[in-house]
Amino acid sequence: MKRNYLFVVVMLCALSVQAQEKRTLTLPEAISLSVSNSKQLKSKQLNLVAAQAATEEAKDRQLPSASVSGSYLQLNKPNIEMKSSGSSGGSGGGISAPSNVIYGMVNLSVPIYSGGTIKYGIQSAKFLEAATALDTVSTKEELYQNTIEAFANLFKARTALVLLKENLATAKQRVVDFTNLEQNGVLPHNDLLKASLQASNIELALLDAENNWKVANLNMDLLLGLPTNTELMLDTTGLAKKDDARTLEDYLSLAQKGRSEKEQIALRKKAAELGIASIKGSMLPSLSFTGGYIAADIPGVLKVTNALNAGIGVRYSISSLWQSKAKLKSAKAQVDQLDLANSQFDDQIQLQVNRSYLNLISNRKKIEVNAQALDQAKENYRIVKNKFDNSLATATELLDADLAQLQTKLNFTLSRADAFVAYHKLLQSAGVLSTEFNK
């Protein structure tokens, strides 16, 4: 029984340590973990591997093709009667057929000219491979921004939790103070009820804040590939506002050069144009060098060795003249679609950069306004508290001033986090988030 008791105690201690696992996390560490463990990024990298294999496959089409075949045939004993046209009705003598046949062949073909289909196929595959690599880049930019937003959300949830806990402790102490005042006949019972109600409301808000923090922490754990029982303690050192004097026009110019999606469209268009050239090339004759070797042995009848052959082969599929019309039409439509996609993406860049820039300006202005409001709320609470202590203000005014102070503290903290996210969202819209972040 003592051993069982000791085992239970050890297991409970181990579970307790596991449940309370904590980790201090900086934003660069968070981004590094998210990039290392992102399933989406790994999927894009596998797409790149497939695109690289497609390029190698296209290159392999210019290599010689060779084949080897051979057979061993066991024959029966048929009766073969040879008749001579010069005989007068007589028949020739019967001969014995061979019992087996052995033969082998080696064929070699080297493409010389194929209407450009092989060359265009290689170039097209290279363009598509480059476009797939850029798709990985845009996915990484998106992953950076998602991590920054998750980090900010966890920071906001933690800040709200801390402020509410502090305010709840103050509210509970106020209830104790009001109870003493009410018992001494200094404070009406109704004011005590108001203080108790405010404490209860803060406690309810704290429950919601705890749930929000737990969800934000879980979301961050999943994003970073950490155990879901890890409690993250954020290190926000070095995350102050960055000086950036670039204007809206500067960001728009950066987006035209930095957005990898735009270059992807250009590369896919080049690949589609090469597809048109390849279809036209398939309508031309193809030329190849051919060679081979034949060996055969028919016992008692024929034996062939050292039979080499070499030459030039020409192939022309006349049916391609009418069978390729639909393919050509489809390929041209794809080029037109990519032209339209490029124009639409230019409009999208304009909208995204403008929206992100205006959102950043608005959030930075909110920081200034909330900072002023916080100073005003603190001073207002100090004045009302002083008046209340001197019986010059009501309990309702004190509770309202305290609630206003709490709200402005939350607003100020959240506006700073929102501005931080908005700034990096602008960098993402300009296509320079990963570059700027890693400076």
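**Reading confidence and shape**

Me: Over residues 87–92, how does the pLDDT run, and how many contacts beyond four places in sequence does the model have there?

Reply: The pLDDT stays under 50 over that stretch. For residues 87–92 the model has five contacts beyond four places in sequence. Keep in mind that this is a predicted model.

Me: What is the mean pLDDT of the chain?

Reply: The mean is 87. Of the residues, 91% reach 70 or more.

Me: Which elements have the lowest and the highest mean pLDDT?

Reply: Helix α1, residues 2–19, has the lowest, at 48. Helix α9, residues 325–389, has the highest, at 94.

Me: How many helices and strands does the chain have?

Reply: There are 11 helices and eight strands. Now compare the radius of gyration with the globule rule. The chain has 41 Å, well over the 22 Å that the rule gives for 439 residues, so it is more spread out than a compact globule. The C-alpha trace spans about 155 × 75 × 35 Å along its principal axes.

Me: What share of the residues counts as buried?

Reply: Of the 439 residues, 33% do.

Me: Why is Gln-123 classed as partly exposed?

Reply: Use the cut-offs: buried is under 20% relative accessible area, and exposed is over 50%. Gln-123 has 34%, so it is partly exposed.

Me: Where is Gln-123 found?

Reply: Gln-123 is in helix α4, residues 117–183.

Technical notes. Residues numbered from 1 in each chain as written. Predicted model: local features only at pLDDT ≥ 70, side-chain atom pairs only at ≥ 80, totals over all residues. Heavy atoms only, no water. pLDDT = per-residue confidence, 0-100. Helix = DSSP H or I, 4+ residues; strand = E, 2+ residues; numbered from the N terminus. Contact = heavy atoms within 4.5 Å. Buried < 20%, exposed > 50% of the residue type's maximum accessible area, 1.4 Å probe, protein only. Rg over C-alpha atoms; globule rule 2.2 N^0.38 Å.
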